[in-house]
Amino acid sequence: MSQQPIQLRDPLKAAFLAWLIPGLGHYYQGRKGKAALYAICILSIYFIGFVLGEGKVVYWRWVSPLNLDKFMLHYPGQFFVGLPALPALIQGTIRYFLPNSNFLWGFMAEPSQNVINGMHARLGSKLVDVGTIYTTAAGLLNVLAIYDAYEGPAYVDEPDGDELVETPASAGAKVEGTV
Amino acid sequence: MDASSNLYWLILPLVVAFSLVYSASRHESWRLIWMRSIRLCLLILGALIGTTAILLLINTQV
């Protein structure tokens, strides 16, 4: 039977690119169909959530993770979307050192409590929550994509597609089809 | 049915995206990716609709 090796190229670089922009790591590996699928699914979920939350559901503040009242539990999930969520980390860091900074006119900076209250009153708290869930889910989905870029697919698919053979983790390439 | 029930429609894109991404991370063959993602999507929606139906039933009985 014919074999089609899946070239993972440099898995670490692919994983980094997959984190930076969903699908970019797969594009780098030449898996362009998957790159498009990941990019469309993950980025659309992220941006739908971002728009639902009026751009104020993705932000970060530097506090102790043990301070559960103030710790941004959702941002560690959103972080994995990569570049689209990165300005929040930059804003959070700048605000930590320069609390009155207006860097990028406050884009993706932590909104004041007044702004959050106003948003909840205007949009309804559920819609804001949905925005938070969407953006966080997008990041968590990208974790799967990053792992796929690094490690390849979990299963080697038989050519007829009916049986699946579990493969061990490979170092550089995976083979589709059996010998 | 009121305006807040429209929120339920927002589950659909999330479930579709989850099914596609999960299946794509498991398989490389497009046929399998589509097949498995449709199956997973229906499974999740079925579980959600079933749970909602049970909750509605309980709610109207109490």
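Which helix of chain A holds A:Ile94? A:Ile94 is found in helix α5, which covers residues 86-97 of chain A.

## About the model

This is a predicted model, in which local features need pLDDT of at least 70, side-chain atom pairs count only at pLDDT 80 or more, and totals for chains, interfaces and linings use all residues. Residues are numbered from 1 along each chain as its sequence is written, while chains are lettered from A and ligands numbered from 1 in the order in which they are written.

## A look at A:Ile94

A:Ile94 is partly exposed, with 15 other C-beta atoms within 10 Å. On that scale, 20 or more other C-beta atoms within 10 Å make a residue buried, 12 or fewer make it exposed, and anything in between is partly exposed, with C-beta atoms placed from the backbone.

Not counting residues up to four places away in sequence, A:Ile94 touches A:Ser101 and A:Phe103; a contact requires C-beta atoms, placed from the backbone, within 7 Å. A:Leu123 is 29 residues from A:Ile94 along the chain, and their C-alpha atoms are separated by 29 Å.

## The two chains

Chain A has 7 helices and 4 strands, arranged along the sequence as β-α-α-α-α-α-α-α-β-β-β. These elements are DSSP runs, numbered from the N terminus: helices are H or I with at least four residues, and strands are E with at least two. Of the 179 residues in chain A, 36% are buried.

Chain B has 2 helices and 0 strands. Its radius of gyration is 15 Å, well over the 11 Å that the globule rule gives for 62 residues, so chain B is more spread out than a compact globule. The radius is taken over C-alpha atoms, and the rule is 2.2 Å times the number of residues to the power 0.38. Buried residues make up 24% of chain B.

## Where the chains meet

Here 24 residues of chain A are in contact with 19 residues of chain B. On the chain A side, α3 (32-52), α7 (125-151) and β2 (155-157) each give two or more residues, and α7(A) provides the largest share, 9 residues.

Conventions: Two residues are in contact if their C-beta atoms, placed from the backbone, lie within 7 Å.
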